Amino acid sequence: MSPIAVEGPELNLGTSGTYVLLARPKIDPNQPGVIVAAREAGVSPEEFAGPGDVWTLMYDAEGEGDGFELPGARDTEADAFAEQLQQALAAAEPFTVEAGNFLRLDARPAGADWKVTAHVTPPEGEEDGPAARTLDLGALPAAELLAGLERFRRDLA
């Protein structure tokens with residue numbers, strides 16, 4: 001099967017081995033890979049692609065990852081979180097920022113980097129869903145964090 005391209009705004013914090021990803025994935029139902037996958041799943045390509053307006057939070061810590069949807073989350077809330085994070089980074093002081101009740105970031109400066117810890121809490125009612133997790137995202141370069149936030153906010157606009 002051909003790969004399926006996913007678009008939409010996403011904020012990836014961490015490394016390739018340990019990260020949190022806040023995203024609003026959008027899949028074009030006209031992609032050949034989507035059409036084939038939908039046919040195999042017995043649904044329409046539009047149903048397989050989904051609405052493209054539901055935010056998700058995914059995370060991974062050295063191969064132990066999971067994620068969940070955030071129904072009702074809006075672009076304005078994601079932008080407000082990114083703006084808070086930008087302002088906190090600019091202040092160059094230890095900080096905590098929250099995205100609703102599902103993601104909290106604690107960070108402190110470490111030279112040109114930021115030591116970041118993410119606290120992920122799935123929505124209530126997810127009995128068989130993922131458990132709350134604390135992930136040490138490591139030392140993240142300040143310049144890369146700020147560039148990622150700028151890109152994310154531009155994609156939201």
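Two strands count as paired if DSSP finds at least two bridges between them. Strands themselves are DSSP runs of E with at least two residues, while helices are runs of H or I with at least four, and both are numbered from the N terminus. Leucine 103, for instance, stands opposite valine 120 in β7. The model is a predicted one, so to speak of local features takes a pLDDT of at least 70, side-chain atom pairs count only at pLDDT 80 or more, and totals for chains, interfaces and linings use all residues. Residues are numbered from 1 along each chain as its sequence is written, and side-chain values use heavy atoms, with hydrogens and water left out.

Strand β6 (residues 103-110) lines up antiparallel with β7 (residues 113-120) over eight bridges. The two make a hairpin with two residues between them, and glycine 111 in that turn has a positive phi of about 70°. On to β8 (residues 133-141): β7 pairs with β8 through eight bridges, again antiparallel, and alanine 118 has leucine 135 of β8 as its bridge partner.

Then there is an open sheet of four strands, antiparallel, in the order β1-β2-β3-β4. Its edges are β1 (10-14) and β4 (66-70), each pairing on one side only. Neighbouring strands here are turned by 10° against each other on average, direction ignored. β1 and β2 (residues 18-23) run antiparallel, joined by five bridges; asparagine 12 has leucine 21 in β2 as its bridge partner. Helix α4 (residues 142-156) packs on this sheet, touching β1, β2 and β3 (55-61), where contact means heavy atoms within 4.5 Å. The direction of α4 makes about 165° with that of β1; axes are lines fitted to C-alpha atoms, for helices over the stretch in contact, and angles run from 0 to 180 degrees between N-to-C directions.
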